[in-house]
Amino acid sequence: MSTVLSPQEAEEFANQVRSFLESNTSSGKGRDLSAAQEFQGRLAEAGFAGIPFPKEYGGAGLTLEHERIFRQVAQGFPMMTGELVISHGMCLPVLNEFGTDEQKRKFMPDNISAKTVWCQMFSEPGAGSDVASLQTKAERDGDEWILNGQKVWTTLAHVSDYGVIIARTDPDQPKHAGISMFIIDLKTPGVEIRPINQIDGGNHFNEVFFTDVRIPADNLLGEHNNGWRQATAMLMYERVAIGSLNAGKITQPMYDVLAKWATRNGSISDPVVRDELMQIYCMESTKSMVAMRNREEMKAGKAPGPGGSLGKLYGSIIAKRFREIAQNIAGPATAAWEGEGSDEEALAVNMIGSLSSGIAGGTDEIQRNIIGDRVLGLPRDISVDTGVAFKELKVGTQRS
Ligand SMILES: Cc1cc2nc3c(=O)[nH]c(=O)nc-3n(C[C@H](O)[C@H](O)[C@H](O)COP(=O)(O)OP(=O)(O)OC[C@H]3O[C@@H](n4cnc5c(N)ncnc54)[C@H](O)[C@@H]3O)c2cc1C
């Protein structure tokens with residue numbers, strides 16, 4: 001749908017969204033999956049879920065302009081769907097871009113309304129930054145594929161219904177060529193999910209093992225052996241999703257946390273602290289503007305490009321600065337605290353958690369490589385495996 005909204009129509013839609021959010025949001029539920037699912041179900045009933053996706057696929061059948069208005073209005077309310085970022089920011093656009101009509105009708109409506117939760121299954125013990133080195137393999141057997149191997153760091157796999165997984169389907173081809181993408185039902189026999197306990201007390205990640213898991217041939221997502229191109233598209237959606245959180249307007253969430261602390265302990269009058277606070281204020285404002293540009297490009301119909309890496313990398317640089325400034329302002333409270341649910345605990349968990357922003361969705365070094373190659377046009381890294389059959393490469397357990 002590509003109609004342009006009149007100012008009155010835009011205002012009317014913004015009012016409808018505002019009145020929905022006023023009666024359906026509450027703070028403190030942003031990291032609770034079941035609350036996110038319940039909220040998303042209400043959004044779907046109200047016609048505000050999957051805004052730009054067609055109605056036959058469970059969307060609202062509206063425009064990207066409606067979506068932009070929704071995001072803008074939602075900025076003023078607690079974020080209720082943080083736990084659905086992978087389902088909606090990554091798996092949904094990939095289903096929409098590469099799924100067949102049948103797959104979209106079958107899987108998108110429940111994904112959009114969050115009746116099902118989805119995860120991304122790319123990384124393996126020997127394949128993270130260089131994910132094309134993956135060794136999980138899928139072999140065709142009649143109307144099915146048989147999957148064997150292991151994934152790791154799979155966020156939310158333990159509470160997900162489906163995964164978007166990439167696996168090697170032709171080891172005779174060079175490593176980027178013989179990969180395919182599948183939809184996997186995580187309840188299938190042979191899937192074993194083992195949670196990983198985190199230093200911040202959370203339990204978001206998993207190791208996932210596959211032993212002779214049978215995937216229906218109909219669950220091949222996109223073309224056979226075209227999985228690398230699709231995986232790259234999904235990673236770009238991921239970087240935009242991560243780098244463009246709060247993309248509706250200019251916000252300074254980390255500045256807000258730090259300014260509150262500095263006000264509370266009196267360091268707000270220290271000129272060095274004030275200078276640091278202004279630095280993070282400016283950095284976050286700049287990041288918001290980059291995120292808004294990315295969103296506008298997507299709104300104009302452009303697939304997310306390497307520019308998504310800019311927002312993603314800058315988010316990680318801001319997180320690092322946040323940790324340094326928090327230590328200056330709050331001192332020992334960032335490492336040791338008393339009382340569960342205290343502000344000190346929240347800050348310390350925030351600090352530890354923020355370290356992941358330089359790794360998740362591609363490390364800082366990888367973002368810098370992408371920006372160097374594809375934004376600045378610098379010479380690419382030397383590649384030693386171009387044209388070599390994957391089975392000949394010394395990667396993962398093939399090293400021996
Ligand atoms: C919070 C979080 C959530 C995640 N969720 C998921 C998920 O849901 N699904 C999923 O599939 N994965 C997930 N991951 C995994 C993530 O994608 C990988 O951790 C990441 O891609 C890095 O891979 P690696 O850990 O194997 O590190 P490695 O690739 O082994 O990297 C180790 C170090 O070497 C550097 N390095 C590697 N190659 C280069 C190079 N060419 N040039 C310069 N430096 C290089 C890296 O920057 C890094 O510092 C998640 C990770 C985190 C932290």
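What share of the 400 residues in the protein chain is buried? The buried residues make up 40%. Buried here requires 20 or more other C-beta atoms within 10 Å of a residue's own, with C-beta atoms placed from the backbone.

Some ground rules. This is a predicted model; local features need pLDDT of at least 70, side-chain atom pairs count only at pLDDT 80 or more, and totals for chains, interfaces and linings use all residues. Numbering starts from 1 along each chain as its sequence is written.

Now the overall build. The protein chain has eleven helices and eight strands. These are DSSP runs, numbered from the N terminus: helices are H or I with at least four residues, strands are E with at least two. Along the principal axes, the C-alpha atoms fill a box of roughly 70 × 50 × 45 Å.

On to the inside. The largest nonpolar core has 71 residues. Such a core joins buried Ala, Val, Leu, Ile, Met, Phe, Trp, Tyr and Cys residues through C-beta atoms within 7 Å. Cys91, Val94, Val164, Ile166 and Phe182 have the most contacts inside it. Helix H6, residues 227–243, gives the most to this core: nine residues. Domain 1 (7–80) and domain 2 (119–228) each supply at least three. Those bounds come from an automatic or database domain assignment.

Take Ile166. Neighbours within four places in sequence aside, Ile166 is in contact with Phe122, Leu134, Ile179, Met181, Gly227 and Ala231. Contact means C-beta atoms, placed from the backbone, within 7 Å.

Another core lies apart from the largest one. That core has 18 residues, including Met254, Phe322, Ala326 and Leu347.

Methods. Buried ≥ 20, exposed ≤ 12 C-beta atoms within 10 Å, placed from the backbone. Contact = placed C-beta atoms within 7 Å.
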